[in-house]
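Subject: Handing over a structure, with notes

Dear colleague,

Please read them with the structure open beside you.

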Amino acid sequence: MKKIIKKIKRFTGEDFKKTLDRLFPWLSIAAVLLIAFMSYSLQKLYTHNELAAKISKIVNINEAIDNHINSEFSIIQTDLINEHLRQIDNLIDEISKNSDYTSFFNTPSSHKSFKDLVDNIKANEVVLNKFVTHKAVIMEKTLDLSATLRKTKEIRTLAGFFSRILLSRFGEIFDANLFSDDVRAYRYEISNSEEEGSQIDYNYSLLLSQLNEEIIQLIGIQERREQVSDLISASATELTEKLNNYSRSTKNLLNLILLFVATLMIIFMIKLRFNQQAKLKMREKELQIKEILEHSSDTVFEIDTKGVIKSVNYSKNKNKYPLIGTVLELMSPDGRPINIIAELESKDKYSLNEIRRKKLRKNADEPDIPILEETLNQDVIITKEDESGYSFEYHERMYASPIRKLGKIIGANVVLIDFTKQLEAEYKQKQYAEKLEIYQHVDKETGLPNHLALSKDLNISRENGLRKYVVYISIDQFENFQFFYNDRTVSLILIEVSRAIRLCMRNYDIKTELYRLQEDKFCLVCEEEDKDRLAERLLNYFSSTIVLKDDLNHDITLNISLRLGFSNDTDTDSSDRLAQAKLAHQKARQIEAPYFIYEQNDENERTYRHNQIVSSMIRYALNNNKITAECQPIYDLTKPLPGENNYELFSYEILVRLYDDEGKIHYPGEFLGVAKQAGLYISITKAVINIAFDLVEKFDYVFSINLSSADMANTSVRELFNARLKKCKAPNRLTIEVLETEDIDQKMDDVLKFLNNVRNQGCHVAIDDFGSGFANIATILQLNIDYIKIDGSIIKRLPHDENSRAFLNMLSNFAASANYTMVAEFVSSQDILDQVKTLGIQYAQGYLLGKPAKLV
């Protein structure tokens with residue numbers, strides 16, 4: 001029951017009890033009407049079943065008549081047939097007089113079907129009467145012929161005719177027309193005979209002809225009777241089907257009514273349950289409200305029209321002051337007295353988000369009783385005194401509603417809501433936020449402001465137009481300290497360095513702020529100080545050794561030297577001051593100088609700006625799906641086609657491209673180096689992997705994709721590749737070209753594991769740029785490749801470099817013996833192509849054969 005109520009609550013979107021109370025009268029009326037309609041429908045259903053039974057009985061009686069008449073050995077019992085017909089008439093009369101006759105047979109279709117049935121029954125009665133009459137005549141004539149037969153002269157011949165007629169009654173095939181012709185021929189034969197007895201035979205033949213004519217008519221009547229009988233059965237079947245359809249629809253409707261009535265019964269039970277619980281809930285609510293008011297931190301007053309308190313829940317004032325009978329005086333924040341009754345004259349409720357409760361008094365003649373409510377935190381309490389010395393409190397909100405009698409206000413209910421704790425919570429939250437911000441802007445290890453604080457201070461300086469420069473500081477040979485000392489000792493070194501820098505600044509009275517960025521990187525933000533002089537002082541300060549104790553209390557003597565980079569005192573369009581200081585520091589490291597002062601637009605800054613532009617372009621391409629690929633064809637030189645330098649296509653190599661925000665295309669040499677430095681290379685690899693599998697699915701070609709050892713060692717790259725490979729329908733049309741990189745030996749385990757997995761699933765493996773320096777024959781053997789792609793730097797020298805030709809000749813012999821296939825890259829001229837073919841290299845790619853292009 002509870003589940004049903006919850007579902008109805010969600011469906012109605014309001015309180016279920018209120019919905020039930022509002023709908024209950026209508027549901028009751030609906031229940032009564034449905035029950036009445038159900039009773040009426042049941043009566044109709046019974047009546048229609050009765051009508052169907054009577055129609056079925058008519059069909060059965062008609063079949064009994066058919067069975068009686070069609071029996072070859074039966075004598076027609078006229079009384080029995082008449083009794084059957086009378087029964088049918090009675091049934092038709094009962095159907096016509098039925099109370100539901102008009103409601104059911106009033107439709108054109110039902111009325112026509114019933115009329116057809118009645119008409120067919122009447123026609124059947126006429127046909128039956130004719131049938132019985134002719135049957136009687138045939139019987140009479142048969143008896144006459146039987147009696148006269150012995151008087152005939154040609155008894156044998158006439159007996160043959162007579163027996164043919166008799167046998168027709170027992171199922172023998174009887175051709176009435178042939179029989180008539182035979183009798184007529186016999187009568188013609190004896191018509192001219194003057195022998196004695198010929199006249200008798202002639203008359204007997206006439207009787208035979210008359211009997212034959214009766215038989216012919218009876219056959220026609222029998223056929224008509226069978227047709228009428230079939231029509232009766234068809235009409236009755238049609239009527240029965242319509243009655244059954246009506247009964248079925250009535251039953252379905254009754255089922256729906258029963259379901260709805262059952263639902264109403266459930267609702268009535270719920271209503272009864274609600275009525276039983278209503279008084280208990282009302283009583284419980286009264287007790288709860290009383291309990292809440294007694295323990296609430298809010299104060300609830302009932303006052304009369306003069307503001308005198310008639311009742312109060314006391315709240316925190318319980319047992320402090322006798323409030324009942326005193327006057328409740330409230331003031332707005334600006335000190336204006338509040339007349340609650342006057343405010344409620346024109347409105348149903350009145351509220352203020354902030355009030356002052358000045359005093360409570362018995363009456364105007366008694367002295368004031370100042371009220372000061374308690375708070376938990378004296379730092380938060382919002383109280384002060386005005387000129388009169390009374391205390392005012394800003395920690396309550398007021399809500400008031402009128403009490404009316406016969407339309408006239410006789411008082412008011414006033415609720416004062418204490419939000420002191422809310423203010424305390426807000427104050428504590430503010431304090432916590434301030435402490436958290438300070439904590440977030442401080443380096444835990446040294447206690448110095450961190451990079452967030454530096455960024456904030458530089459922004460303030462920029463907004464206020466302050467001309468300050470940044471000094472970027474690092475500790476030389478800090479990596480050695482990390483290698484030789486534990487973390488605790490390294491931390492002590494950093495703390496000592498930071499202390500020494502601050503002490504230096506203090507000794508020379510330099511106005512600056514020191515920041516710790518990360519590891520050994522510090523920053524100074526200075527003003528009004530000569531940069532060279534500051535560098536000299538700071539470097540000289542660290543010229544002597546520093547002695548400190550490690551975590552085992554052992555003395556450590558260190559010679560620490562700093563490296564400095566100075567920025568300008570303003571930002572430029574291309575770089576801010578922190579970036580300038582970093583560039584200057586990088587320049588100092590490059591030229592091995594102790595410090596360097598930023599020079600605008602030097603080589604380092606140009607490189608910095610270029611990297612910024614390229615990395616931004618890469619991020620734009622990754623975020624906007626602008627990574628694409630062009631495919632360069634690789635041809636089988638052993639399968640020439642008609643035309644100059646035309647060969648059968650073997651596969652395509654996928655070459656990455658990207659588009660910038662202006663739609664300009666860029667090639668790998670422009671962005672891959674920056675992508676590796678900026679940590680974006682793996683994202684580009686993933687994009688190319690998705691493109692490669694999409695091409696394999698879309699085109700019926702073989703494709704190859706370049707992967708480095710770093711790609712194959714990366715977990716996310718492997719997971720993506722394996723996921724796409726698992727769904728790929730033709731993995732045999734994908735080749736992995738392993739790029740020659742300097743770290744391939746260090747990552748060989750990951751590379752082999754990846755290649756073995758993809759090879760087991762049908763992919764092929766090639767080594768790319770072989771001969772460029774990092775890979776060797778041992779690498780080829782270890783990788784178990786299918787193809788060797790010769791680096792273009794070797795291919796381009798073939799026409800004029802004997803050493804290159806000798807090297808490739810040796811490599812070709814090795815590949816042939818080891819069953820490797822070779823591919824020549826950078827085939828850009830006819831001379832190169834001729835040399836490649838001479839060396840027996842099977843596959844080639846290059847601008848001479850086909851340029852990279854996008855497949856569509």
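Predicted model: local features only at pLDDT ≥ 70, side-chain atom pairs only at ≥ 80, totals over all residues.

Asn645 is found in the loop that lies between S19 and S20, and with a relative accessibility of 19% it counts as buried. As background, most residues other than glycine have a negative phi.

The helix I would look at next is H24, which covers residues 802–817. Its 16 residues, at 1.5 Å a residue, should span 22 Å, and the C-alpha atoms at its ends are 23 Å apart, which agrees. Within H24, the buried residues are Ser804, Arg805, Leu808, Leu811, Ser812 and Ala815. Viewed down the helix axis, these buried residues fall within an arc of 130°, so they line one face of H24. They pack against strand S24 (764–770), helix H22 (777–783), strand S25 (787–790), helix H23 (792–795), strand S26 (821–824) and helix H25 (830–838), whereas the face turned away from the buried side carries the exposed residues Glu802, Asn803 and Ser817.

Both ends of H24 also deserve a glance. At its start, a side-chain oxygen of Asp801 comes to within 3.3 Å of the backbone nitrogen of Asn803, and after the helix comes Asn819, with a positive phi near 65°.

The largest pocket has a volume of about 1,000 Å³, and of the 38 residues that line it, Glu653, Leu655, Pro668, Leu672 and Asn706 are the closest to its centre. The elements that each give two or more residues to this lining are strand S19 (627–640), strand S20 (647–659), helix H17 (668–677), helix H18 (681–698), strand S22 (703–707), helix H19 (709–713) and S24. Strand S24 is also one of the elements against which the buried residues of H24 pack.

With best wishes

Key: Residues numbered from 1 in each chain as written. Heavy atoms only, no water. Helix = DSSP H or I, 4+ residues; strand = E, 2+ residues; numbered from the N terminus. Expected span 1.5 Å × (residues − 1). Buried < 20%, exposed > 50% of the residue type's maximum accessible area, 1.4 Å probe, protein only. Arc of directions from axis to C-beta. Contact = heavy atoms within 4.5 Å. Polar contact = N/O pair within 3.5 Å; in protein donor to acceptor, adjacent residues only side chain to side chain. 1 Å grid on protein atoms, 1.4 Å probe; cavity = no way out; pocket = protein on both sides within 12 Å on 5 of 7 lines; lining within 4 Å. Points joined across faces, edges and corners; volume = space filled by probe spheres on them.
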